[in-house]
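Please read the points below with the structure open beside you. They go from the whole chain to a single residue.

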Amino acid sequence: MRILIGQIAHETNTFSNVKTDKKAFSLWGWDTGETITTKHHSVRNYLGGMIARAEELGIEIIPTFATFAYPSGVITKETYEALKLELLNGIQNAKDYDAICLALHGAGVTETTEDLEGDLLKEIRKIAGYEVPVVITLDLHANVTQTMVSEADAILGNHLYPHTDSYEIGIEAVNVAQKIVENGLKPTMHLIKLPLAIPTSTTNLSPAKDVNDLCFEWEKNSRMIDCTFYHGFPYTNISDFGVTVLATSHNDPEIAREAAQDVASYIWEHKEAFFIKQPSPKEGIVQALQHDGYPVVLNETSDNPGGGTPGDGTYLLRALLEEKVEKACFGFIYDPEVVDIAFRAGVGANIEVMLGGKTDQLHGEPIPLIAYVKCLTDGTFIQSSPMGKGGQVNLGRSVRLQSGGVDMIVCSVKSQTLDEQIFLLHGIDVSAYKIVALKSSQHFRAGFEPISSKIITVDSPGLTTLDFTAFQYTNLKTKLYPFTEVSQESASVITD
């Protein structure tokens with residue numbers, strides 16, 4: 001048996017003023033052929049799982065094209081055409097394959113389509129036809145569409161947030177493809193879209209944990225293949241987004257429908273539990289200092305580059321400096337201009353800079369700062385977080401600055417912080433600090449929960465703020481809670 005694999009992944013924050021071009025994808029990899037298998041072998045991500053399982057089953061892998069870009073604004077028309085061309089050419093040039101497994105995202109938006117994944121799948125079908133099984137993986141934050149369901153034979157997504165199960169989802173994708181081809185498995189999907197948008201919600205805690213538990217109960221049924229609660233990606237001004245439930249059975253549409261209805265109804269009944277007001281940066285600092293243990297992690301959810309923000313927001317860092325907090329470290333803020341100044345000045349110099357706040361006016365003003373250059377690095381390390389463990393990260397030239405009681409890391413490539421490696425690279429042992437501040441919404445938890453005394457999420461203005469009222473959703477085609485009130489009767493989609 002031979003399986004084609006590939007990847008095109010992007011989570012598009014349409015409220016961002018930074019459009020996504022080919023350079024944004026190339027920064028993280030524009031890979032073809034065997035480069036894909038070499039790069040992802042033994043890495044805990046979707047492709048890594050696909051490769052590992054295929055090897056175990058003796059299935060030949062045919063790598064086509066793989067790329068992803070860090071979340072940012074709308075993908076340009078030219079970039080999307082280049083992405084499609086690479087993947088479609090890889091499929092077109094492949095011979096005698098039995099199935100296709102693709103790692104997609106589910107929240108891709110381009111200048112020409114609101115549904116990158118649905119459009120891409122339709123183009124793939126023009127080449128591969130409908131006899132060849134197409135199995136795709138999606139991110140938990142996918143805005144799943146009926147087009148995706150119609151064009152794919154099976155869709156599998158993360159249950160967990162942080163996404164520590166991507167490797168396992170990749171394994172499952174190959175398992176399903178193999179069973180379709182060799183054992184006659186007939187995945188039958190039922191999709192329910194709720195009139196609901198929810199904030200980023202970790203699955204370690206209720207209510208998301210409770211929804212997953214219900215999904216897992218349904219998956220124990222021998223007629224079921226998968227039942228997934230997709231949180232959706234809310235930072236997007238498109239006509240069709242929000243929470244979905246996708247249940248997949250083995251050729252049994254009724255049980256798939258029953259499972260999807262049951263889970264969707266539970267989510268709707270408990271929707272208010274998803275909306276929790278978090279403290280401001282200064283309020284979070286007060287709470288952290290009142291806590292006895294070390295370290296306390298303050299995560300700045302409103303400037304999460306993993307959701308398409310600029311990564312140079314200054315609200316939390318400014319608060320740490322203004323409050324004259326001792327034994328605090330911040331890892332990290334994106335500002336290549338400041339990095340360049342520090343590299344030119346060298347270790348041991350004092351530099352005067354305007355730090356952060358350069359992308360837009362939403363995430364805070366630049367911070368006037370006189371800081372000591374403690375160390376300079378190349379910004380490269382191997383990821384240790386259970387999410388993507390083993391992958392190589394390159395944040396470009398980076399610097400550790402010191403001002404007052406705050407150690408701060410500044411990098412040349414924007415990214416959220418997933419584990420302590422960026423701190424260790426700059427000589428910072430987080431266990432010795434009272435406050436460890438970082439930019440992330442939930443993914444950091446996989447790496448930091450085992451080593452932190454307490455986690456406090458802080459919120460402020462930003463492209464990933466938990467306050468949805470800060471955004472203008474002008475393209476919605478239906479009512480969506482919490483933007484408008486939606487009664488149980490008008491939410492009939494739950495029981496369709």
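1. The accessible surface of the protein chain is about 18800 Å², and carbon and sulfur atoms account for 49% of it. Such areas come from the Shrake-Rupley method with a 1.4 Å probe, and for residues only the protein chains shown count as cover.

2. This is a predicted model, in which local features need pLDDT of at least 70, side-chain atom pairs count only at pLDDT 80 or more, and totals for chains, interfaces and linings use all residues. Residues are numbered from 1 along each chain as its sequence is written, and side-chain values use heavy atoms, with hydrogens and water left out.

3. The radius of gyration of the protein chain, taken over C-alpha atoms, is 23 Å, which agrees with the value near 23 Å for a compact globule of 496 residues. The globule rule is 2.2 Å times the number of residues to the power 0.38. Along the principal axes, the C-alpha atoms fill a box of roughly 65 × 50 × 40 Å.

4. Of the 496 residues, 62% count as buried, meaning under 20% relative accessible area with a 1.4 Å probe, protein chains only.

5. The protein chain has 14 helices and 19 strands. These are DSSP runs numbered from the N terminus: helices are H or I with at least four residues, strands E with at least two.

6. Where does T301 lie? T301 is in the loop between β10 (296–300) and α11 (315–322). T301 is buried, with a relative accessible area of 1%. Leaving aside residues up to four places away in sequence, T301 touches T200, S440, S441, T457, V458, D459, T464 and L466; contact means heavy atoms within 4.5 Å.

Methods
Buried means under 20% relative accessible area, exposed over 50%, partly exposed in between (1.4 Å probe, protein chains only).
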